[in-house]
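User: Can you walk me through this one? Keep it short, please.
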Amino acid sequence: MKRSRLPFVVTIGVLIFFYLPIMVLVVNSFNASTYGGHWGGFSLRWYLKLMGQRDILLALENTIIIAISATLASCILGTTAAFALHYYKSALQRCHFILIYTPLVVPEILMGMSLLLAFVAVGVRLGLFTIFLAHVTFCVSYVAMVVLARLQDFDMAVIEAAQDLGANWWVTTWRVLAPMLAPGIASGALLALTLSVDDFVISFFVAGPGSTTLPIRIYSMIKFGSPAVLNALSTILLAVTFILVWASQRLTTNKEKAT
Amino acid sequence: MAEFLEIENVSKSFGSLCAVDKISLSIHRGEFFSLLGPSGCGKTTLLRMLAGFERPDSGRILLAGQDITSHPPNKRKVNTIFQSYALFPHLTVRQNIAFGLQVQKLPKAEIDAQVDKMLALVQLEAEADKKPALISGGQKQRVAVARALIMKPQVLLLDEPLAALDLKLRQKMLLELDIIHDEVGITFVYVTHDQGEAMSLSDRIAVMNRGKTEQVGTPTEIYEAPRSSFVAAFIGDTNFFEGEARELVDKEYSRLKIEGFPDLVCFNDKNISAGNPVYLSIRPEKFGIGRAKPSLGGKHNIVPGRVEDVIYLGGMTKYWVRVDEYKIAINQQHNRFYLDEEPIRWNDDVWIWWHADDGFMLERYSEADENLMSLPPESLGEGAEP
Ligand SMILES: Nc1ncnc2c1ncn2[C@@H]1O[C@H](COP(=O)(O)OP(=O)(O)OP(=O)(O)O)[C@@H](O)[C@H]1O
Ligand SMILES: [Mg+2]
């Protein structure tokens, strides 16, 4: 029997539809000509030009500060939340789970708007700090879910075994729990990092003057800046995201092979 | 002088459920002691209280004269082998075994020396640098044993350590556990619902049912002289007859009336007084069976019956004999085919007999116990048949 070609063709079609725009963007970032219409030869001039723009570098710095601090905070909060969710079972914990889960499904625009309203109501000055808080609110949920999935894979009797062998809570946490959870926490951290670097909608709402992040910068460049520089910037962003996602995937699958 | 491990009136409830109900046990130093009982009878809960993972609602636990009831698990010289082994997956076999000593911050050279000794004891030198995920079930179990023994506990607690293994490996590990126990001389408290395991390993067994101990004794005592109908039914096979105790004869023996039987005599070690309803329990292998009425005197009971079924099992033959409304299981070593007479067949009229000492009068069990006993033997543990 001859197999139908249709699934193959559809797959290729969908992939082209997804990745062609990105390919065009990447190729154009190395295009010497100013407008993407024709190939003007290979060049790195847009990347050099990018390096010379102070406001972009500033936005990059903001993004990095927020991404790292939000990741750290959400790792600590998310891991402890996941641990509580897994270890203690009660009606209150079901409620806790729903609260942790909700940010994953609430539309971003709603999150952004409500956070903005909250900050204004409380009277916090909009700036890097508010962006940090906003990023933590959604990153915590992702970290908690990833770590929770890890926790569900292993036998909680190891905690009792450690105590049985003379370890107190502190030793149990550092010598047993932390190493066992490390791959889960690391992959949650990479996910949080990616989300924080990428986030536009929520940041857009809660960013104040002088606290522009990279995605917001890019958005304004579409209107006012040079499209070719934008291509170069987007390509870099794309590469960083890709590496983070790849690393996160690797950590997860490695762990699965080991157990 | 108190025993080495003394459990005094210990109770533990989960909500309205009383998992362990005023249990008292005395366990000798160096003993292999088993807790045996059906699923959910509170064995694990009792063991977890000994380890310190659960706090008793009431009662005390004394170890070598010291009250340890409220000590946390890391402050007790008691170690546990968990049913799932609970090995640390991120550590190698060697690191797993060394964990307890590292927590105590012993010098590295000493830890290494002791770990090497343990690896030799459980024959795992070749696997020392593997992670637990890469070794077999039997090897994992040995790592768990070594990890606990290296702590030199005063008591080793084992919660169904063989349940996860297949039958063949189980028998092998059973033997190894026995050897290790003899070698290290530590007190073992062993939880199981498998009577075969308990019988073959233990110095003494506590048979538990619904949070209480039904009987504590050596395997022989428990099999040969069950104190309650639950124990009689749970350990091995038995025939139960409903009857009524009558007057005493000869101090320790009573007459017994069972519907459809002639007057019987039975050993009455529990001083059940005349008029009380009782169960008579007789193990299948305690009967004699034959075509001719035997000329046995004194304390033998001899009853006529009719064979309803004969099952030849090689090592023995199982007869089902009808006496009035009872269908009695009788095991005989051989069916006499090669000896003298014709073998006993279906529908033969026969005589069955047993000695008064081989029957036990027991108080009637409750309905809940009865339900438990009507389960097929597999669900309670392995049958006692060889
Ligand atoms: N943490 C707990 N919370 C509530 N109920 C519990 C808890 N632990 C045990 N129980 C209940 O207590 C009873 C005794 O449980 P336990 O685990 O001691 O039984 P077991 O004899 O070890 O049975 P098994 O042979 O199935 O392991 C059971 O009815 C069980 O449901
Ligand atoms: Mg149990």
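This is a predicted model: local features need pLDDT of at least 70, side-chain atom pairs count only at pLDDT 80 or more; totals for chains, interfaces and linings use all residues.
User: What lies 2.5 Å from an oxygen atom of ligand 1?
Analyst: A polar side-chain atom of B:Thr45. Residues are numbered from 1 along each chain as its sequence is written, chains are lettered from A and ligands numbered from 1 in the order in which they are written, and side-chain values use heavy atoms, with hydrogens and water left out.

User: What does B:Ser39 put 2.4 Å from a ligand 1 oxygen?
Analyst: A polar side-chain atom. B:Gly40 uses its backbone instead: an N or O atom there lies 2.7 Å from an oxygen atom of ligand 1.

User: How much of ligand 1's accessible area does the protein cover?
Analyst: The protein covers 60% of the 630 Å² that ligand 1 has on its own. Accessible areas come from the Shrake-Rupley method with a 1.4 Å probe; for residues, only the protein chains shown count as cover.

User: Which elements give two or more residues to the shell?
Analyst: Strand E2 (17–27) and helix H1 (43–51) of chain B. H1(B) gives the most, with three residues. Helices (H or I, at least four residues) and strands (E, at least two) are DSSP runs, numbered from the N terminus.

User: New topic. How many helices and strands are in chain A?
Analyst: Eleven helices and zero strands. The C-alpha atoms of chain A fill a box of roughly 70 × 70 × 30 Å, taken along the principal axes.

User: Which domains is chain A divided into?
Analyst: Domain 1 (1–43) and domain 2 (47–258). The bounds come from an automatic or database domain assignment. Their centres, taken over C-alpha atoms, are 31 Å apart.

User: And how many residues of chain A are in contact with chain B?
Analyst: 18 residues of chain A, against 22 residues of chain B. Contact means heavy atoms within 4.5 Å. The two chains bury about 1800 Å² between them, 62% of it on carbon and sulfur atoms. Buried area is the accessible area (1.4 Å probe) that two parts lose on being put together, summed over both.

User: Which residues in chain A lose the most area to chain B?
Analyst: A:Asp164, A:Leu165 and A:Arg175. Together they make up 40% of what that side buries.

Terms used. A polar contact is a pair of N or O atoms within 3.5 Å; within protein, one must be able to donate a hydrogen and the other to accept it, and residues adjacent in sequence count only if both atoms are side-chain atoms.
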